[in-house]
Amino acid sequence: MNPDPPRDIDVDVDDRMINASKGQVNIGPITPDHQPGADSEFSDVGIHTNSCGKQKGDCYSDSNLNFDEVNEIDDSNAKEEVNLNHQVQINGGNGYNDYMPTIKAQAQFPKPQPPPVEPNVERTQSLSLPESMPSIGKYIRDRSSTLSAAIVKRLSSLKEDGEEFFGKNDSLKFEVTEIQIPGVKVTVKLKSEDDGFDLKGRITFFSRSNCRDCTAVRKLFREKRLPYVEINIDVFPKRAKELMERTGKSEVPQIFFNDKLLGGLVTLNSLRNSGELEKRMRELLSQKCPDAAPKIPVYGFDDDDQEEEEEEEEKDELLGIVKMLRQSLPIQDRLIKMKIVKNCFAGDDMLESIIHHLDCGRRKGVETAKQIARKHFIKHVFGENDFEEGKHFYRFLEHEQFITACFNFRTAVNDSEPKSPSFLADRLAKLMSAILEAYASDDRHHVDYYRIGKSEEFRRYLNLTRDLQRVDLQLLTPDEKLAFFLNLYNAMVIHAVVTIGHPDGILNRRAFFSDFQYVIGGYPYSLSVIQNGILRNNRKSPYSLVRPFGKGDRRLQFAPAKVNPLIHFGLCNGTRSSPTVRFFTAQGVEAELRSAAREYFQNGAIEINLERRTVSLTRIIKWFSVDFGTEKDVVKWVMNYVDAAKAGLLMHLLADGGPVNMVYQDYDWAGNL
């Protein structure tokens with residue numbers, strides 16, 4: 001449930017650098033015949049940077065040589081056995097886009113063979129190098145063997161000649177020693193006492209979404225590079241009972257070392273500040289985790305949550321009638337108002353079937369038909385009414401033309417009794433917040449979509465989206481509707497990127513925002529419909545000639561009466577220039593939107609040049625200028641969301657009566673990986 005702890009690496013771009021930690025030596029080759037661009041056998045791959053700004057050594061390195069054993073040096077032949085371990089991990093972490101040279105993929109690259117003297121030597125090769133070209137494989141093996149033998153021979157000669165090694169730390173108890181060899185820089189880190197600690201047990205802590213103390217615990221474990229298991233009781237609600245039984249309280253976080261309760265954040269900070277944390281870890285985590293410890297959540301099977309939820313789901317009271325109608329009504333294509341309407345049936349036929357099935361009067365039959373329509377089992381073919389007597393035609397929700405294009409539809413409509421829209425909105429926000437806490441960087445600028453797609457949290461989110469098919473959104477308050485559609489947009493973007501990937505090019509982007517849909521309350525909603533039809537009250541999208549909704553579209557009832565321009569800073573479309581992804585609460589959605597706008601403008605969305613009297617703004621304001629007003633109104637509006645220094649500059653530009661030049665920044669459509 002948690003990302004792997006980061007590992008450090010030393011890189012020297014001027015010389016060949018070797019970093020040995022716990023008997024491990026990392027070599028970064030910088031030789032004339034391996035300079036970038038020196039050979040056509042090189043291309044670019046991405047170097048990732050983590051949220052603290054360091055290069056991810058655990059994900060990328062040119063070469064890793066692990067010297068597991070170095071036998072006694074023989075002066076006659078200076079021959080040593082070296083265990084080589086070449087690893088290149090192309091996709092890891094949250095994806096960043098600097099570049100380093102690497103060998104291009106070759107077809108049929110051979111697997112390296114172990115040395116004849118040590119048959120137990122294991123080698124791994126980059127996934128990016130297929131298995132052909134024996135000459136390339138032989139070249140790499142020869143170069144590696146020659147290099148390692150040269151290093152060992154030089155070390156031996158230095159020792160024999162009595163040359164002194166240069167140490168960075170003058171103390172007798174130094175931790176790092178540097179050995180300088182012409183063309184090679186060796187850094188040796190001695191094995192410390194902490195490095196020798198073997199963590200056999202398991203750290204587990206219970207948490208909730210959007211909990212500051214839980215965030216602090218998570219951050220501390222990541223800084224110390226400690227593996228941990230997080231049990232978010234908003235994701236696994238059945239585990240809340242276990243938390244109460246184990247601790248006698250419902251507050252989080254609650255931290256366990258194996259099966260022993262350590263406490264919350266206060267206890268953890270107290271142990272860290274007193275220096276007792278490592279001691280306590282040695283006492284409690286040196287043994288294998290017992291069965292009595294909190295269980296690790298398992299994908300799809302955690303304490304039978306899903307099975308219990310399915311058993312507890314109430315079948316809709318009208319489901320029996322609906323099943324009868326599905327089997328008995330004549331469903332066929334018809335010519336209605338000069339249009340061919342597919343898979344429809346006559347309302348009169350439906351009414352007669354209900355009266356016959358219930359053995360009731362016409363009035364009760366009409367009321368039953370209206371209830372079926374209000375629960376979104378059926379729809380008028382032209383959206384004219386819920387249900388009325390007369391010559392009207394309807395179709396079942398599963399026969400709507402848009403239904404198969406909706407990504408929350410799985411072969412059949414969810415026939416269970418619709419859940420409360422407030423419950424579903426709250427559950428959606430908590431699930432997606434838990435996903436971001438586990439699989440996004442601390443600043444939310446980078447999202448690991450690959451790991452999200454494989455996570456238990458995302459699987460549960462997908463199950464939740466099926467409950468939106470027939471939900472009644474009319475029961476939501478205005479603030480709940482605003483928060484729901486903001487959160488739904490951001491969640492759908494994550495789902496779309498996981499499913500179909502980031503769009504490239506104008507045409508693909510248009511399809512991305514228009515064709516990726518959910519069916520919600522019986523109607524289709526795309527990303528464009530949510531943003532422009534609902535949140536912007538049926539306004540045209542940039543460079544579009546038509547509005548999302550036509551006259552009489554029933555989805556208009558969910559649009560706010562007045563457009564709030566702050567919504568543009570709460571929507572994340574998965575790009576680098578987009579506002580950071582976040583999820584909102586119905587109770588504080590207005591304040592949270594203002595906070596999102598301040599963060600966005602303080603991170604480079606506005607630049608001011610006082611000499612040229614120029615204000616450079618995010619292109620979002622240009623695209624949706626009708627939501628912000630005139631340029632002068634925009635400047636006044638932005639002053640509420642920038643720091644005091646920039647607000648003073650804007651006020652100065654407006655006060656002297658001179659012209660203010662507005663320019664707009666380029667938009668980076670690359671993904672927020």
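Helices (H or I, at least four residues) and strands (E, at least two) are DSSP runs, numbered from the N terminus.

Buried means under 20% relative accessible area, exposed over 50%, and partly exposed in between, with a 1.4 Å probe and protein chains only.

## Basis of the model and overall make-up

Residues are numbered from 1 along each chain as its sequence is written, and side-chain values use heavy atoms, with hydrogens and water left out. Because the model is predicted, local features need pLDDT of at least 70 and side-chain atom pairs count only at pLDDT 80 or more, whereas totals for chains, interfaces and linings use all residues.

The protein has 20 helices and 20 strands, and of its 673 residues 47% count as buried. Among contacts between residues at least 6 apart in sequence, 68% join residues at least 24 apart, contact meaning heavy atoms within 4.5 Å.

Two packed helices are described by the angle between their axes and the distance between the axes. Axes are lines fitted to C-alpha atoms, for helices over the stretch in contact, and angles run from 0 to 180 degrees between N-to-C directions. The axes of helix α13 (residues 478–500) and helix α15 (residues 527–535) come within 9 Å and cross at roughly 160°, which makes α13 roughly antiparallel to α15; angles under 35 degrees count as roughly parallel, over 145 as roughly antiparallel, 65 to 115 as roughly perpendicular and the rest as oblique. The crossing of α13 with α15 is left-handed, a term used if the near helix is turned anticlockwise from the far one by less than a right angle, with right-handed used if clockwise. On the α13 side the contact is made by Leu 482, Phe 485, Leu 486, Leu 488, Tyr 489, Met 492 and Val 493, and on the α15 side by Leu 527, Ile 530, Gln 531, Ile 534 and Leu 535. By class, this contact of α13 with α15 has eleven nonpolar, one polar and no charged residues, where Ala, Val, Leu, Ile, Met, Phe, Trp, Tyr, Cys and Pro count as nonpolar, Asp, Glu, Lys and Arg as charged, and the others, Gly among them, as polar.

Helix α12 (residues 456–466) packs with α13 at an angle of about 115°, their axes being 12 Å apart, and the two helices are therefore roughly perpendicular to each other. The crossing of α12 and α13 is also left-handed, and the contact is made by Phe 458, Tyr 461 and Leu 462 of α12 with Ala 491, Met 492, His 495 and Val 498 of α13.

## Ala 496 within α13

Ala 496 lies in helix α13 and, at 0% relative accessibility, counts as buried. Leaving aside its neighbours within four places in sequence, Ala 496 is in contact with Gly 501, Phe 512 and Phe 516. The C-alpha atoms of Ala 496 and Gln 517 are separated by 9.2 Å, although these residues are 21 residues apart along the chain.

## The four-stranded sheet

Four strands form an open sheet of mixed pairing in the order β9-β8-β10-β11. Strands β9 (229–232) and β11 (260–263) stand at the edges, each with a single partner strand, so one side of each is left without a neighbour in the sheet. The twist averages 25° from one strand to the next.

Strand β8 (residues 203–207) runs parallel to β9 and is joined to β9 by four bridges, with Phe 205 having Glu 230 as its bridge partner in β9. Helix α2 (residues 212–223) lies across β8, β9 and β10 (254–257), running at about 160° to β8, while helix α5 (residues 277–285) lies across β8, β10 and β11, running at about 55° to β10.

## Strand β15 and its neighbours

Strand β15 (residues 393–396) points Phe 393 and Arg 395 one way and Tyr 394 and Phe 396 the other way, and all are buried. Two bridges join β15 to strand β13 (residues 339–346) in an antiparallel arrangement, and Phe 345 stands opposite Tyr 394 in β15. Strand β14 (residues 378–380) pairs with β15 in the antiparallel sense over three bridges, with Ile 378 opposite Phe 396.

How values were computed
Pairing = 2+ DSSP bridges.
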